Amino acid sequence: MTLREAQQRVLPTPFHSRTSAVCETNLWSSWKGYTVVDCYTSLEDEYFAIRNATSVFDLSPMTKYRITGKEGMAYLDKLMTRRMDRLTPGRVLYALWCNDRGHVLDDGTVFQLDENHWRLCSQERHLDWLLTTATGFDVEIHDESDEVVALAVQGPTSCRTLKAMNLAGIEDLKPFASRRFPFEGAELLVSRTGFTGDLGYELWIEPGRAERLWDALFSAGNPFGILPVGGQALDMARIEAGFIQAGVEFVPAATVVRPHRGRSPFELGLGRLVHFDKPIFNGRRALLEERKQGSRYRLVKLDIAGNKPAGDAFIYNRKQKVIGHVTSAVWSPSAKMNIALASLEMPWGRPDDELYAEVYYNSELQWKRLLARCKVVEDAFFDPPRRHKTPAEC
């Protein structure tokens with residue numbers, strides 16, 4: 001194999017022997033150098049497994065960094081826009097980090113595993129930035145993406161499935177908390193986290209035990225309607241939850257061609273994660289100036305009239321001027337709404353604004369255009385009480 005072939009090769013995840021055996025559609029895509037399933041059987045069955053039963057998604061390609069050292073907390077506090085001293089062992093925080101312009105490099109979750117041991121999970125790869133930011137701190141940063149595999153176990157019967165797998169006390173695990181359990185002579189880390197906006201967990205283990213974890217999980221979940229799900233169903237669920245995705249709602253600041261094309265936390269609706277009560281963090285000065293001068297864009301949730309998904313649609317005001325575009329869109333079976341996330345120019349995106357989406361759809365080989373009225377939605381499209389309840393429904 002040549003060097004070029006090796007660089008272009010897409011690898012199977014440690015769960016591939018199991019995922020390939022049940023992937024009937026043969027629909028795959030590449031995620032950070034690994035091949036992952038887009039859809040196993042049908043999008044409808046997989047979506048409803050997320051919302052009505054137990055779903056399993058292979059998270060293994062996610063980028064994972066191990067951060068260790070006595071100054072790890074101080075380092076994370078400089079890296080992230082939110083206060084990280086609220087982390088304690090066994091807790092998880094959702095956070096984001098910016099460049100000096102105050103534009104988002106990525107978002108992700110930070111686990112504190114032990115007193116001086118953290119794990120940062122993200123979509124993009126950021127080792128250069130993490131090492132540069134670590135200058136002057138007594139910390140070590142290691143890319144452990146290939147050393148830890150993960151499954152997202154999501155849905156209303158997910159707790160019952162894990163309890164049937166003999167994870168005693170799993171129902172008492174609070175949202176954004178993690179706990180270790182023994183499994184097959186190893187340690188299984190379970191966090192009550194996920195990307196679906198539903199009750200759910202993420203399971204983290206060493207690659208050598210991936211197949212045994214899959215088998216034990218599906219054996220335990222068989223009475224509870226367990227199904228593997230691909231990226232298509234997961235994307236529907238995360239849009240319903242109003243979650244952003246790098247490369248979709250924003251271009252990571254490290255990869256933009258024109259610097260002004262980046263987005264700040266305020267422009268992504270994540271101003272709550274910017275904590276100016278700490279003195280130093282990357283992008284603080286630029287974000288203070290933005291708070292003073294105002295933002296350029298606003299990310300909003302839209303309820304769009306009709307049932308034609310508005311993917312990539314332009315958004316118009318009542319004077320028929322383009323003032324933004326849709327970043328993600330789907331018909332939501334749970335909310336019974338035609339929903340979208342959209343990036344709009346300021347000051348548009350207020351609840352009483354008159355907005356329209358330019359929707360194109362194909363009907364019997366004829367392309368049709370319509371301007372569908374849009375309503376700004378302030379809350380998540382789908383946010384069931386079971387997502388927050390502790391003890392979880394088991």
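Student: Why is Arg-369 called partly exposed?

Tutor: In this predicted model, Arg-369 has a relative accessibility of 46%. Buried requires under 20% and exposed over 50%, with partly exposed in between, so Arg-369 counts as partly exposed.

Student: What makes Glu-358 count as buried?

Tutor: The relative accessibility of Glu-358 is 10%. The cut-off for buried is under 20%, and therefore Glu-358 is classed as buried.

Student: How do you know that Glu-358 forms a salt bridge with Arg-369?

Tutor: The closest N and O atoms of Glu-358 and Arg-369 are 2.7 Å apart. A salt bridge requires a side-chain nitrogen of Lys or Arg within 4 Å of a carboxyl oxygen of Asp or Glu, so the pair formed by Glu-358 and Arg-369 qualifies.

Student: What parts does the pair of Glu-358 and Arg-369 tie together?

Tutor: Glu-358 belongs to strand E19 (residues 355–363) and Arg-369 to strand E20 (residues 366–377), so the bridge ties together parts that are 11 residues apart in sequence. Elsewhere, salt bridges with shared partners join Arg-51, Asp-198, Glu-240 and Arg-386 into one network.

Student: What makes Arg-66 and Glu-147 a salt bridge?

Tutor: Their side chains meet at 3.6 Å, N to O, and the limit is within 4 Å; the pair is therefore counted as a salt bridge. Arg-66 lies in strand E5 (residues 63–68) and Glu-147 in the loop between strand E9 (140–143) and E10, 81 residues apart.

Student: Are Arg-66 and Glu-147 buried, exposed or partly exposed?

Tutor: Arg-66 has a relative accessible area of 26%, and Glu-147 has a relative accessibility of 39%.

Student: Why are strands E11 and E14 said to stand at the edges?

Tutor: The open sheet has six strands in the order E11-E12-E13-E10-E4-E14, with mixed pairing. Strand E11 (178–183) and strand E14 (226–228) each have a single partner strand, so one side of each is left without a neighbour in the sheet.

How values were computed. Residues are numbered from 1 along each chain as its sequence is written. This is a predicted model: local features need pLDDT of at least 70, side-chain atom pairs count only at pLDDT 80 or more; totals for chains, interfaces and linings use all residues. Side-chain values use heavy atoms; hydrogens and water are left out. Two strands pair if DSSP finds at least two bridges between them. Helices (H or I, at least four residues) and strands (E, at least two) are DSSP runs, numbered from the N terminus. Buried means under 20% relative accessible area, exposed over 50%, partly exposed in between (1.4 Å probe, protein chains only).
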